[in-house]
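Please keep the sequence and the coordinates at hand while reading.

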Amino acid sequence: MSHEPLQPTIRLEPELVAPETYVIHQVQQGLGEPLYVHLNSMLIRGRDPVIVDTGTIANRRQWLDDVFGLIDPADVRYVFISHDDIDHTGNLAEVMTLCPKATLVASWAIVERHTNAFDFPLARTMWLNDGEHLDVADRRLTAACPPVWDSPTTRGLFDNLTGVYWAADAFATPVTAELEPTAASLDADLWRNGMIMFAYNALSPWLKMVEPGLFADHCDRVKRLGMTTIASAHSPTITSESIDGAFEAVRQLPLVDAPPMPGQDVLDHIIAATAAVPA
Ligand SMILES: [Fe+2]
Ligand SMILES: [Fe+2]
């Protein structure tokens, strides 16, 4: 038995979501479900190119081909890491080696929590906290904590030039085998229930403990950034027509019933179903 991660078998080309701004896609099948999950990252090419999160180990070869098919590694100036989860930092070492002029945009908390897995080049690192700006050659980038998160280190990134907001894990939802290209093309119930399921059981189980009004204020603060597109690591692109609906669904999270966490009975079903599939 190998414990190596399985390489993705689904291929989605990088997606232009705004001028010089690409979502780098990865999709994998959900565990035990006929549903699929995105594991995206982003590239802002611009005059000072910025890589936003670095994909997964499982998708390393394709991710490197995708990103460096769009940008010469020698031209990358910044590598922004939204938080210290392995699906966002999977190719961080490779990127920092391949991109000698890149500065790593992290935070004290990311460095403190992630040193067990990565030897941070501190002389090439800067720390950018929630609310702070990174002014690059042609645009201002603002670190902004998304509505929900699964690591206390999380900051999203708002591009004040294009209006694209990188939401890290927020707005996570499964998609169907159709691989709907935008949130607008998802079935409305699947989208809403998918966001609830992921938010409660995979990201932010503390939602039931928060005061709904304070949480709504936080959501509204994020929305007031004025984004016109949301790129999320675990969602198809949320275009302008879906932004109000996305925020409204997330604002309601403390008020909805938390869905049950899959238990041993579900795992037994997955094992039985997997064993029934001929090799
Ligand atoms: Fe995460
Ligand atoms: Fe994630």
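How many residues does helix 7 have, and what span does it reach from its first C-alpha to its last? In this predicted model, helix 7 has 12 residues and reaches 17 Å between those two atoms, close to the 16 Å expected at 1.5 Å a residue.

Within helix 7, the buried residues are Ser 242, Ile 243, Ala 246, Phe 247 and Val 250. Seen down the axis of helix 7, these buried residues fall within an arc of 140°, so they line one face of the helix. Glu 241 and Asp 244, on the other side of helix 7, are exposed. The cover over the buried residues of helix 7 includes helix 5, helix 6 and strand 14 (229–231).

## The nonpolar cores

The largest nonpolar core has 36 residues, and those with the most contacts inside it are Val 148, Phe 171, Met 227, Ile 230, Phe 247, Val 250 and Leu 253. At least two residues of this core are supplied by each of strand 4 (36–38), helix 5 (188–203), helix 6 (212–223) and helix 7 (240–251). Helix 5 gives the most to this core, with eight residues. Apart from this core lies another, of 24 residues, among them Leu 43, Ala 102, Leu 104 and Val 111. In soluble globular proteins, nonpolar side chains tend to be buried together.

Two of the residues with the most contacts inside the largest core, Met 227 and Val 148, can be followed through their neighbours. Not counting residues up to four places away in sequence, Met 227 touches Phe 158, Gly 163, Tyr 165, Val 222, Ile 243 and Phe 247. Val 148 is placed in the loop between strand 11 and strand 12, and at 2% relative accessibility Val 148 counts as buried. With residues up to four places away in sequence again left out, Val 148 touches Ala 170, Leu 203, Ser 204, Trp 206, Leu 207, Phe 215, Val 250 and Leu 253. The C-alpha atoms of Val 148 and Leu 203 are separated by 7.2 Å, although these residues are 55 residues apart along the chain.

Strand 11 (residues 139–144) is mostly covered, with five of its six residues buried. Strand 10 (residues 133–136) and strand 11 run antiparallel and are joined by four bridges, and these two strands form a hairpin with two residues between them. Val 136 has Arg 139 as its bridge partner in strand 11.

Strand 11 is also joined by four bridges to strand 12 (residues 156–159), and this pair likewise runs antiparallel. In that pairing, Ala 144 stands opposite Gly 156 in strand 12.

Strand 2 is joined to strand 1 (residues 15–18) by three bridges, and the two run antiparallel, with Val 23 of strand 2 as the bridge partner of Glu 15. The hairpin of strand 1 and strand 2 has two residues between the strands, and in this hairpin Glu 20 takes a positive phi near 60°.

Four bridges also join strand 2 to strand 5 (residues 41–44) in an antiparallel arrangement, where Ile 24 stands opposite Ser 41 in strand 5.

Is His 234 buried or exposed? With a relative accessibility of 8%, His 234 counts as buried, and its place is in the loop between strand 14 and helix 7. The side chains of His 234 and Asp 169 are joined by a polar contact of 2.8 Å. Beyond its neighbours within four places in sequence, His 234 is in contact with residues including His 38, Asp 87, His 88, Phe 171 and Thr 173.

Tyr 36, in strand 4, is buried, with a relative accessible area of 16%. Leaving aside its neighbours within four places in sequence, Tyr 36 has contacts that include Ile 10, Val 27, Pro 174, Val 175 and Leu 179. The C-alpha atoms of Tyr 36 and Leu 179, which are 143 residues apart along the chain, are separated by 7.5 Å.

Methods:
Residues are numbered from 1 along each chain as its sequence is written. Chains are lettered from A and ligands numbered from 1 in the order in which they are written. This is a predicted model: local features need pLDDT of at least 70, side-chain atom pairs count only at pLDDT 80 or more; totals for chains, interfaces and linings use all residues. Side-chain values use heavy atoms; hydrogens and water are left out. A nonpolar core is a set of buried Ala, Val, Leu, Ile, Met, Phe, Trp, Tyr and Cys residues joined through side-chain atoms within 4.5 Å. Buried means under 20% relative accessible area, exposed over 50%, partly exposed in between (1.4 Å probe, protein chains only). Contact means heavy atoms within 4.5 Å. Two strands pair if DSSP finds at least two bridges between them. The expected span of a helix is 1.5 Å times one less than its number of residues. The arc is that of the directions from the helix axis to the C-beta atoms. A polar contact is a pair of N or O atoms within 3.5 Å; within protein, one must be able to donate a hydrogen and the other to accept it, and residues adjacent in sequence count only if both atoms are side-chain atoms.
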